[in-house]
Amino acid sequence: MENQLAKSTEERTFQYQDSLPSLPVPPLEESLKKYLESVKPFANEEEYKKTEEIVQKFQNGIGAELHQKLLERAKGKRNWLEEWWLNVAYLDVRIPSQLNVNFAGPSPHFEHYWPPKEGTHLERGSIILWHNLNYWQLLRKEKVPVDKVGNTPLDMNQFRMLFSTCKVPGITRDSIMNYFRTESEGHSPSHLAVLCRGRVFVFDVIHEGSLITPPEFLRQLTHIQEKCRREPEGPGIAALTSEERTRWAKAREYLISLDPENLTLLEKIQSSLFVYSMEDGRPHVTPEDYSQIISILFSGDPTVRWGDKSYNLISFSNGVFGCNCDHAPYDAMVMVHIAHYVDEKILENEGRWKGSEKVRDLPFPEELVFTVDEKILNDISQAKAQYLKEASNLQFAAYAFTSFGKKLTKKKKLHPDTFIQLALQLAYYRLHGRPGCCYETAMTRYFYHGRTETLRPCTTEAVRWCQFMQDPSASLLERQQKMLEAFAKHNKMMKECSSGRGFDRHLLGLLLTAREEGLPTPELYTDPLFSRSGGGGNFVLSTSLVGYLRIQGVVVPMVHNGYGFFYHIRDDRLTLWLRHPEEYTNRLGLDKVFMESSGTVCECSWPCMARLHIPRFKRAGMEALQVESENLGHVLGMPRVSV
């Protein structure tokens, strides 16, 4: 992607959409066989035998009927899952979105030209806005390169949801409003929303036919900041977006009933390119410790985040930036794209604006002043209190493991993502003495409007390897053999999931078919092993590879007593983000054991790495370990797994 971004190309961003293959429905027998394999680590012999009988009965009975109905549905839709997934995973969810659905991550610019420095946020903000909006213009012109694996194009539909997109609350189901259009499709909104100290402003980013420049953005941002500093704070309407969805929907309806103009103001925010949030905080961040900024990006001031917007670009007074984004319209890889593009542009220009300092006579930003009453103000107050209460029960650990990275794992023919997943399985096994049901994201963008599939890394092979690692009588050769078996199984599953041959989405489709037909829930889904193995969104470990660039991010755990474990893998380091309830965090310390387990995988892979220096240190109330190898120079040969 580094070599592709923003280069001129004859290909258009969305030109392959009509030629992408439809999302397939896997064979029923194959999906059920994979499901049975996935529950084995969580069952004793008697439990497994009972589940085997339930699956066989399902396959020969109602399951076969539901599968046929699903095949019929797939004949009439290029993606049989798309609408269902959007509704079930996002729009029907009633819990507050901002803490439980959105994803967030810091901008990496502080690692090079923009270290934290008080008073730089306006100048830097004007530059980062300009680069973001250049990307918007590239997207409108369809000049953002098509993602490909080899020569195979991937679905790009989610990129339409990055700009001018907003979720709107409903009493029982939310909806998504998307106002973005390419140049060939017609007009697209060109105004930006800025939130500062409970107030909302908008201004157009196009003036006299061209994008305004960083000095002109600086003028607009300075005007907003000065106005907010010399005048009282606003009511903080944005805090309502952090509420439980039905309560927010009712509050929105009431707000509109107070004054029809309030609907016009809401629609200006909804249709804005994105929200630029101006926070007063000064989060601590270093290339080795991202914990505090990750925490604040997720749980900062709710009056300056529009939780339903597809993109909130957040600035802090020490010149550090990040984002908080609604997950419903798109997956994190879209944000990785634009964040990487902006970071590369900031690097290319040494963090400075090298163009004209001229400032044209622009209209000043317009403030959106809502009509409110005591009920709305009370709703805002309650929303803030509830949000801060929930946020206080979350703790984040985000540290860099600098002993090695992608370069060394690939040198030994070990897939770096699989390496991390196995280290995590070993960490959980050591910590709890049992396997941990785990979700990992697999992408299905080979197909029309494809998004994700579930990969379950807690395989029988992975558990068997963990057991050998804990057995002091097991030889190094035995441990290596079991590790390679676990690697091979994980890599095989990832390939199958990405090619439309996963089973979790298939099982979901069969369940939703039963519901639409008014049929009772099949026994397969009420079997205790279904939820114990992670089915129904009950994975204790919710994980995802963010990528191989500097871009980072994190999402909520799926269950209260679980972990959100997200990571990116660079040539020389692994950066890990862990999110979980605070009372669970301090008692367990998965971050510590993961670091130890990563070192152990190295010992298993490369015997000469057995000498590890492990200094202890405290960060954000959590004990973490930074595992550093004293000798990475000479590694021994070993059996290889293809990457």
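This is a predicted model: local features need pLDDT of at least 70, side-chain atom pairs count only at pLDDT 80 or more; totals for chains, interfaces and linings use all residues.

Me: What do the names of helices and strands rest on?
Reply: They are DSSP runs numbered from the N terminus: helices are H or I with at least four residues, strands are E with at least two.

Me: Is the crossing of α6 and α7 left-handed or right-handed?
Reply: A crossing is left-handed if the near helix is turned anticlockwise from the far one by less than a right angle, and right-handed if clockwise. For α6 and α7 the crossing is right-handed.

Me: Which residues of α6 and α7 meet?
Reply: Contact means heavy atoms within 4.5 Å. On the α6 side, the residues include His121, Leu122, Trp130 and Leu133. Among those they meet in α7 are Pro214, Phe217, Leu221 and Arg229.

Me: How are α1 and α2 oriented to each other?
Reply: α1 and α2 are roughly antiparallel. The axes of α1 (residues 28-39) and α2 (residues 45-60) come within 11 Å and cross at roughly 165 degrees. That crossing is right-handed. Leu28, Leu32, Tyr35 and Val39 are among the α1 residues in the contact, and Tyr48, Val55 and Phe58 are among those of α2.

Me: Now the strands. In which order do the seven strands of the open sheet come?
Reply: Strands pair if DSSP finds at least two bridges between them. The order is β1-β12-β11-β10-β6-β7-β13, and the pairing is mixed. At the edges sit β1 (103-106) and β13 (366-367), each pairing on one side only.

Me: In which sense do the neighbours run, parallel or antiparallel?
Reply: β10 (residues 275-278) and β11 (residues 312-315) pair in the parallel sense over four bridges, with Ser277 partnered by Ile314. β11 and β12 run antiparallel, joined by four bridges, and Asn312 stands opposite Asn324. These two strands form a hairpin with five residues between them, and Gly319 in the turn has a positive phi of about 75 degrees. β1 and β12 also pair in the antiparallel sense, over four bridges, and there Gly105 stands opposite Cys323.

Me: Is β12 covered on one face or both?
Reply: In a regular strand the side chains alternate between the two faces of the sheet. Buried means under 20% relative accessible area, exposed over 50%, and partly exposed in between (1.4 Å probe, protein chains only). Both faces of β12 are covered: Phe321, Cys323 and Cys325 are buried on one side, Gly322 and Asn324 on the other. So five of the five residues in β12 (residues 321-325) are buried.

Me: How many salt bridges does the whole structure have?
Reply: A salt bridge is a side-chain nitrogen of Lys or Arg within 4 Å of a carboxyl oxygen of Asp or Glu. A search of the whole structure finds 43. One of them joins Asp174 and Arg94 at 3.0 Å, N to O. This pair links distant parts of the chain, 80 residues apart: Asp174 is in the loop between β4 (165-168) and β5 (175-178), Arg94 in the loop between α4 (82-91) and α5 (97-100). Asp174 is buried, with a relative accessible area of 3%.

Me: What does the pair of Arg199 and Glu231 tie together?
Reply: Their closest N and O atoms are 2.7 Å apart. Arg199 lies in β7 (residues 199-204) and Glu231 in the loop between α7 (214-230) and α8 (245-258), so the pair ties together parts 32 residues apart in sequence. Arg199 counts as buried at 6% relative accessibility, whereas Glu231 is partly exposed at 28%.

Key
Residues are numbered from 1 along each chain as its sequence is written. Side-chain values use heavy atoms; hydrogens and water are left out. Axes are lines fitted to C-alpha atoms, for helices over the stretch in contact, and angles run from 0 to 180 degrees between N-to-C directions. Angles under 35 degrees count as roughly parallel, over 145 as roughly antiparallel, 65 to 115 as roughly perpendicular and the rest as oblique.
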